[in-house]
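The sequence and structure follow.

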Amino acid sequence: MHIQSITRSDGGVRLLDQTKLPTEVIYKVLTDYREIILSIKRLEVRGAPAIGIAAAYALAIAAKQTGVTSIPELTKLADEIKAARPTAVNLMWAIDRMVATATSGSATSNQRLVDLLWSESRSDSRGGQRTLPQDRGIRRDADQGWRLHPDSLQRWRHRDRGDRHCAGRDLYRASAREEDRSGGG
């Protein structure tokens with residue numbers, strides 16, 4: 001079963017409320033950036049990649065809702081989102097990258113700024129060419145585990161890093177697929 005923990009929806013985001021799992025699968029549609037911040041604080045969004053993606057979406061929505069046109073204004077919004085979970089590395093990384101993109105872009109209006117931010121947030125959610133900070137370590141651990149115990153990849157999932165925590169990118173399974181294709185194991 002493929003679970004998308006967070007996706008963009010019209011004017012907002014659709015996220016899996018992970019506090020309801022495993023007894024219920026409840027999706028929330030959030031259209032206000034403050035709702036996303038609250039969901040991060042309440043641990044409704046879990047898993048480092050999903051938290052980073054939620055934060056990136058929150059900043060794009062915040063820029064649109066507030067009508068910001070300057071980097072200092074955007075930075076204030078970024079700081080508000082960062083305060084949702086100050087120890088979340090992916091949240092900080094995603095927000096810093098979003099602000100850097102806005103700074104290097106040629107945003108002459110709020111709409112141009114919002115377009116830049118949505119574009120950058122989509123690259124986070126797709127996994128694209130960018131690698132989230134912990135992806136290399138997870139993939140390395142998975143590769144080593146696969147080589148040691150090719151019959152039992154599950155024992156190397158010492159933390160649940162499945163689709164719902166990685167926003168659809170399960171690196172453990174990806175590593176196993178790559179190993180299988182290469183004839184290893």
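## Aromatic pair

The count of aromatic pairs in this predicted model comes to 1. The partners are tyrosine 57 and tryptophan 118, whose rings lie 5.6 Å apart, centre to centre, with 50° between the planes.

Tyrosine 57 belongs to helix 2 (residues 48-66) and tryptophan 118 to helix 5 (residues 110-126), so the pair ties together parts that are 61 residues apart in sequence. Both tyrosine 57 and tryptophan 118 are buried.

## Charges over rings

## Packing of helix 2 and helix 4

Helix 2, which carries tyrosine 57, also packs with helix 4 (residues 89-104). The angle between helix 2 and helix 4 is about 35°, and their axes are 7 Å apart. The crossing is right-handed.

On the side of helix 2, the contact is made by Ala48, Pro49, Ile51, Gly52, Ala55, Ala56, Leu59 and Ala60. Helix 4 contributes Asn90, Leu91, Ala94, Ile95, Met98 and Val99. By class, the residues of this contact divide into 12 nonpolar and 2 polar, with no charged residue.

Threonine 101 lies in helix 4. Is threonine 101 buried or exposed? Its relative accessibility is 17%, so threonine 101 counts as buried, the limit being under 20%. Apart from neighbours within four places in sequence, threonine 101 is in contact with Leu116 and Glu120.

Alanine 100 is also a residue of helix 4. Its relative accessible area is 43%, and therefore alanine 100 is partly exposed, a class that runs between 20% and 50%. From alanine 100 to isoleucine 71 the distance is 9.4 Å, C-alpha to C-alpha, across 29 residues of sequence.

## Backbone features in two loops

The peptide bond from leucine 21 to proline 22 is cis, with omega near 0°. Proline 22 is placed in the loop between strand 2 (12-16) and strand 3 (27-30).

Leucine 43 is not a glycine, yet it has a positive phi of about 65°. This residue is found in the loop between helix 1 (33-41) and helix 2. With a relative accessible area of 40%, leucine 43 is partly exposed.

## The chain as a whole

How many helices and strands does the chain have? Its secondary structure comes to 7 helices and 3 strands. Along the sequence they follow the pattern β-β-β-α-α-α-α-α-α-α.

The chain has 185 residues, of which 48% count as buried; tyrosine 57 and tryptophan 118 are among the buried residues. Of the contacts in the chain with a separation of 6 or more, 60% are accounted for by residues 24 or more positions apart.

Definitions and conventions: Residues numbered from 1 in each chain as written. Predicted model: local features only at pLDDT ≥ 70, side-chain atom pairs only at ≥ 80, totals over all residues. Heavy atoms only, no water. Phe/Tyr/Trp six-rings, centres within 6.5 Å; stacked < 30°, edge-to-face > 60°. Helix = DSSP H or I, 4+ residues; strand = E, 2+ residues; numbered from the N terminus. Buried < 20%, exposed > 50% of the residue type's maximum accessible area, 1.4 Å probe, protein only. Axes fitted to C-alpha atoms, helices over the stretch in contact; angles between N-to-C directions. Left-handed = near helix turned anticlockwise from the far one by under 90°. Contact = heavy atoms within 4.5 Å. Nonpolar A, V, L, I, M, F, W, Y, C, P; charged D, E, K, R; others polar.
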